[in-house]
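Here's a friendly walk through one protein chain. Have a look at the sequence and the model first, then read on.

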Amino acid sequence: MRRPVIYAPVKFAAALVTVAAVLTAATSCSPTPEAAAGKTLKILYQKTDSFTALDTVMQDAKKEFEASNAGVTVDLQPIQANDDDYGTKLALAQRSADTAPDVFYEDTFKVRSDVDAGYLLKLDPYLEKWDDWDAFNEAAKEAGRADDGGIYAVPLGTDTRAIWYNKTVLQKAGIPVPWQPKTWDEILTAARAMKAADPNVIPFNMYAGKGTGEGTVMQSFYELLYGTDSSLYDTGEKKWVVGSQGFTDSLAFLKTLYEEKLAVSPAEALDANVWKKVFGEWFPQGKLGATVEGSYTPSFWQKGGAYEWAGYEQDMGVAMFPTQKGQDPGGVSMSGGWTLAVGANTRNPELAFSFLTTALNKKNALAYDVSNSQIAVRTDVASEPEYLAANPFVKDVSDLVKVTHYRPATADYPRISMAVQVATESVITGKQSPEEAAAEYDATVRKLVGEDKVLER
């Protein structure tokens with residue numbers, strides 16, 4: 001998604017709003033009933049046919065909040081869209097104070113760019129007075145931190161990425177389960193065995209192209225790149241890495257998967273809804289051997305999920321994605337997650353923050369983490385028996401935190417991500433070789449951020 005142009009007067013106005021909010025917060029974090037009466041809070045968040053967990057939490061939070069705040073109306077405005085389209089529609093709403101939400105659902109990788117754009121209210125003075133903030137995992141709190149050191153969003157949950165595989169498909173190909181590949185070559189060997197055993201099976205799918213957006217990078221390319229001796233961004237130097245062999249090798253792996261027909265067809269890969277077939281058809285019907293997906297995967301199959309699948313616990317297995325040649329630390333994962341934020345243009349900052357705390361209290365956080373198969377960010381939720389018993393893969397996916405990586409939390413990251421997606425699409429469609437796509441990516445990065453913000457290695 002292209003960042004909107006933000007002019008200085010808008011940033012200045014946003015700064016005035018922030019200052020005013022801080023002064024107000026210093027007086028109180030809970031508005032009096034008289035002050036709250038007759039006010040409306042606009043809440044924007046994502047909802048899809050297969051993602052209703054947040055809508056359920058918001059509906060419960062609305063009832064709870066309105067019951068304890070007489071005269072206040074909570075106007076829930078769910079946006080029916082995939083991740084990328086949701087981000088676009090949210091950005092459009094943010095451009096005007098009349099349409100901007102009071103509280104909204106915010107992807108962690110958008111926090112810093114949206115802070116720079118003046119969309120998010122600084123929450124530090126409110127958080128200081130919220131006792132529940134101490135229950136949040138310290139590492140998870142960083143998801144909402146901006147370049148100025150302040151907190152602008154509160155995490156809902158986090159996740160990891162792993163290989164999810166159908167045991168039956170692997171066993172038919174003579175692959176013992178549980179399966180844990182140690183190198184990229186072992187993945188290819190297994191995928192070829194699955195293809196030989198059943199030509200109609202999709203052996204090992206990894207997303208690619210612009211259609212699946214962040215799914216392409218988080219569930220595919222970064223799993224590869226961070227398993228090489230390279231990375232996307234040098235956090236110490238605060239520069240984007242270009243010219244790396246790891247980048248080219250990662251594209252070459254995707255080329256092999258698609259060229260040998262070990263993954264879906266390029267046409268299917270470019271379909272933004274291909275993931276629906278992964279969860280709703282191919283895995284349950286035994287047509288897919290394995291894919292890389294998030295720790296939230298069981299949420300689609302458990303009771304009440306979009307694609308209920310009785311017995312998925314027995315049919316499916318999970319494995320860590322290996323490093324390229326088995327080098328330390330042996331595996332790779334990527335973590336992301338979403339947050340709730342308060343709009344910088346809200347006319348009722350105290351009331352908006354109060355609703356945020358209701359939506360993220362222990363009861364609602366537990367319900368959300370269980371129904372959406374999230375890795376809990378509240379320590380009091382993480383120890384709940386209901387959470388621990390939610391699905392049989394909780395321990396496996398939580399253990400991947402020790403090898404996980406995070407997207408660079410920089411304002412220019414969204415544009416870099418798009419450049420990576422373009423590179424993968426060019427390779428799987430045969431438009432460019434891995435070397436050509438990597439070179440074009442390097443040139444694009446230099447153009448986007450400037451020569452002083454790149455590091456060649």
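## Before you start

This is a predicted model, where local features need pLDDT of at least 70 and side-chain atom pairs count only at pLDDT 80 or more, while totals for chains, interfaces and linings use all residues. Residues are numbered from 1 along each chain as its sequence is written, and side-chain values use heavy atoms, with hydrogens and water left out.

Let's begin with strand S9, residues 288-294. Helices (H or I, at least four residues) and strands (E, at least two) are DSSP runs, numbered from the N terminus. S9 is mostly covered, with 7 of its 7 residues buried. Buried means under 20% relative accessible area, exposed means over 50%, and partly exposed is in between (1.4 Å probe, protein chains only).

Which strands pair with S9? Two strands count as paired if DSSP finds at least two bridges between them. Strand S5 (residues 161-166) runs antiparallel to S9, joined by 5 bridges, and here Ile 163 stands opposite Val 292. Strand S6 (residues 202-205) pairs with S9 in the parallel sense over 3 bridges, with Ile 202 and Leu 288 as bridge partners.

## Strand S3, covered on both faces

Strand S3 (residues 103-107) is mostly covered too: 5 of its 5 residues are buried. In a regular strand the side chains alternate between the two faces of the sheet. On S3, one side carries Val 103, Tyr 105 and Asp 107, the other carries Phe 104 and Glu 106, and all of them are buried.

Strand S1 (residues 40-47) pairs with S3 in the parallel sense over 2 bridges, and Leu 44 stands opposite Phe 104. Strand S13 (residues 338-342) runs antiparallel to S3, with 5 bridges joining them; there, Tyr 105 stands opposite Leu 340.

## The nonpolar cores

In soluble globular proteins, nonpolar side chains tend to be buried together. A nonpolar core here is a set of buried Ala, Val, Leu, Ile, Met, Phe, Trp, Tyr and Cys residues joined through side-chain atoms within 4.5 Å. The largest one has 79 residues, and Phe 204, Tyr 222 and Leu 232 have the most contacts inside it. Helix H21 (residues 413-428) gives the largest share of this core, 7 residues. The core draws at least three residues from each of domain 1 (39-159 + 336-402) and domain 2 (160-334 + 407-456); these bounds come from an automatic or database domain assignment.

Apart from this core lies another, of 54 residues, including Ile 43, Phe 65, Leu 90 and Phe 136. Back to Tyr 222: not counting residues up to four places away in sequence, its contacts (heavy atoms within 4.5 Å) include Val 217, Leu 232, Arg 407 and Tyr 413.

Most residues other than glycine have a negative phi, and most peptide bonds are trans. A cis peptide bond joins Val 177 and Pro 178, with omega about 5 degrees; Pro 178 sits in the loop between helix H8 (167-172) and helix H9 (184-197). Another cis bond joins Asp 328 and Pro 329, with omega about 10 degrees, and Pro 329 is in the loop between strand S11 (321-322) and strand S12 (331-335).

What about positive phi? Lys 238 has a phi near 55 degrees and lies in the loop between strand S7 (233-234) and strand S8 (239-242). Lys 238 counts as exposed because its relative accessibility is 61%. Lys 261 has a phi near 60 degrees, in the loop between helix H11 (245-259) and helix H12 (266-269), and Lys 261 is exposed, with a relative accessible area of 57%.
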